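These are my notebook entries on a single structure. I wrote down each item as I looked it up.

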Amino acid sequence: MAVYFHGESSNFHLSNDRISYILTVLRNGHLGHLYFGKKLPDRESYNYLQEEALRPMSSNPYEGDRKFSLEHCLQEFPVYGSSDYREPAVEIRLQNGSRIADPRFYSHRVYTGKPILEGLPATYTESSDEAETLEITLLDSVSGIHFILSFTIFRDYDVIARSCKICNGGNEPVYIERIMSFTLDMNDSDYDWIQFSGAWARERFPEKHRLHKGIQSISSTRGHSGHMHNPFIILKRPSADEHQGDTFGFSFIYSGNFIIQAEVDTYGTTRTQMGINPFQFSWLLKPGETFTSPEGIAAYSPAGMNGLSGIFHRLYRKRLARGFWRDRERPILINNWEATYFDFNEDKLIQIAEKAHSAGIELFVLDDGWFGSRRDDTQGLGDWVADRGILPDGIAGLSRRIEEECGMKFGLWFEPEMVNKKSDLYRNHPDWILQTPSRKSCHGRHQFVLDFSRKDVVDYIYNSMAAVIKDSRISYIKWDMNRSITECYSTAYPPEQQGEIFHRYILGVYDLYNRLTTEFPHILFESCASGGGRFDPGILFYAPQAWTSDDTDAVERLKIQYGTSFCYPLSSMGAHVSITPNHQLNRNTPLSTRGNTALFGVFGYELDLNRLTDTEFREVKSQIEFVKKHRKLIHSGTFYRLLSPFKGNEAAWMVVSEDKTKAIVGCYKILNEVNEGFKRLKLQGLDESRLYKINGKETFSGAELMAAGLVITDLLRDSVEQEEAGADFQSEIYVLNAQ
Ligand code: GLA
């Protein structure tokens, strides 16, 4: 891995053993882009990739020169209004109202490792030989603004990480109206665009279309990344598929309002950008101040979408997630939400926990309803003090009982960012919610959003959460967030800074996460936002796992987990077995299939095991044994999607250990079929030359399993459960052990 600089050509070439990213200084001093993709040999100049031509109706910066126009340059940090008409990376408004910027190359430096982004989540290195960072400073001499662009190349991950600092070195305050963290110009537009969109209970379903002329984008205006569009897209060659072909991924490490867009111009070039959504964004930057953008990641794989997912999984597991729990086996948990909702008392919780412990479950999580006046979702949010009517000895007493009497660790639900009007917090501080003067405030699920752009509000919530944590035995926290922001306005800031509030809000969320994870490093955090409404890389920096969706139906979960896996590792996806009929869909699926789906995630239960039959309970015990035996492999292995639940009646995926000696395949058949044909499943990622024993029975070579396939027809048909639980929604797990 290296960053090469060639003074004569002004080329910068970042490369590791597999990828290259090459940029240059253009004639006018702006930064041009030359190449991103498969590794290229280093050479003095790749400037031939920056072509010039006389094109009528172009505008040209140099008088008499009709060939040079920014409109036709591939660029790294484009600006609008001085011959480029596409969307820019940055827009600065000066006091005189002008929005033209002229960011010219000023200096560069290269250093080992990767600096942290103050106050923001970002990928990191653990030793200086893991990455090199190129920092390029551009100067707009009229305003005195410096733009410091940072590009990191990693030795082991085929990505470029980018962010940008804007420093006001001038004499007057300016407004940042737009700042994209990553801009990538590509010479053509022959790509499929894949986005991951959905809604509550059906998050991150892949949707594909061919890139077309004009701007295509996904974004959030909700104050969180949202259920609607995940901050991640794929651009792949139309001939690329899951297993082969040129594939690019763009992932934005941010949890607030974002945009990812591709602009295809009439010459067929593609400008892909990701950054804070400029809609309603405006940041006042006074002289001497610096603004830091979040980080964007672009990855390249020649091995299709599974190859791309493998890059993101490893990067996000190893160099985004942090702390005590990053590499540790995650506890199997039981959560009382679907078991009790708000209807519980301490005895009921203890009964659930005792039974769960006897099944081998390791962590009991008390969900919503334990605090203040929280009898239902209309009241109590914000008052983080246990309701003694339900829990006579508070969380301290309950957590002690769970640990000492039930032999389990204890976890607790919070929704730190929210308040009900019926709460002491709101009665005492009605000005602490986000609200626009003289306007009515919308509620969401009867709740209002605390103004996390204010440090005093974040301090207060930190103190009330820390008091509960210090007083009790808490090993896990589920941090929920159940509504989007409306009437975004902070009464603590002047009018000219109201465009900052969405971003300041999310900085407040990161600040609270940072304080809690620093103060209580052994607590495992799981994020949640009405299921997967904030399942993004920003939050994974603080909480290594997230509740993937409120939909716990096994068949729906196949789709949700399948879609989520394009970017996010299995170790980040909370996945629980729940009761049937399922609470979201009323569907009955076999317990085995509920388990076989959930085990490809961070496994747990969301039910009262006391309500199961003895046979079901025995099955739960064996599921738990299976997960304990294999969770290390499941969370650290290489994951492959094999059959898409969006395309056919069968779905399949697998995970292979790094040394290729073990693998687990999950195979799911949605509806039963009559008189169907013979079926084979081609596996991936095995060692061709090794023999693998399947479920302790027959042995096949890796070559056979990958080229001819595993015969799955009979195994699915023979399932014992078909008689017991009906013929639909069957599944099978195959464990492969190299001989
Ligand atoms: C959200 C979460 C659920 C549960 C409830 C509690 O909907 O996604 O898992 O915690 O809130 O109110």
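This is a predicted model: local features need pLDDT of at least 70, side-chain atom pairs count only at pLDDT 80 or more; totals for chains, interfaces and linings use all residues.

I then looked up Cys73, which takes part in no disulfide. The nearest cysteine sulfur belongs to Cys164 and is 20 Å away. I also noted that Cys73 is buried, with a relative accessible area of 2%.

A disulfide would need the two sulfur atoms within 2.5 Å. Is Cys567 buried or exposed? I recorded Cys567 as buried, because its relative accessibility is 1% and the cut-off for buried is under 20%.

Entry 3, the surroundings of the ligand. I counted 13 residues around the ligand. The closest of these are Asp367, Asp368, Arg445, Lys478 and Asp550. By type, I sorted the shell into six charged, four nonpolar and three polar residues.

I looked up distances from oxygen atoms of the ligand to polar side-chain atoms. For Asp368 the distance is 2.6 Å. For Trp413, an N or O atom of the side chain is 3.1 Å from a ligand oxygen. For Asn482, I noted 3.3 Å between a polar side-chain atom and an oxygen of the ligand. I then checked how much of the ligand is covered: taken alone it exposes 300 Å², and the protein buries 96% of that.

How many cavities of 30 Å³ or more does the structure hold? I found seven. The largest cavity has a volume of about 50 Å³. I listed residues from its lining, among them Tyr254, Asn257, Phe279, Gln280, Gly499 and His503. The lining of the largest cavity divides into five nonpolar and five polar residues, with no charged ones.

Definitions and conventions: Residues are numbered from 1 along each chain as its sequence is written. Side-chain values use heavy atoms; hydrogens and water are left out. Buried means under 20% relative accessible area, exposed over 50%, partly exposed in between (1.4 Å probe, protein chains only). A residue is near a molecule or strand if one of its heavy atoms lies within 4 Å of it. A polar contact is a pair of N or O atoms within 3.5 Å; within protein, one must be able to donate a hydrogen and the other to accept it, and residues adjacent in sequence count only if both atoms are side-chain atoms. Accessible areas come from the Shrake-Rupley method with a 1.4 Å probe; for residues, only the protein chains shown count as cover. Ala, Val, Leu, Ile, Met, Phe, Trp, Tyr, Cys and Pro count as nonpolar, Asp, Glu, Lys and Arg as charged, and the others, Gly among them, as polar. On a 1 Å grid over the protein atoms alone, a cavity is a set of points where a 1.4 Å probe fits but cannot get out, and a pocket is an open set with protein on both sides within 12 Å along at least five of seven lines; lining residues have an atom within 4 Å of a point. Grid points are joined across faces, edges and corners, and a volume is the space filled by probe spheres set on the points.
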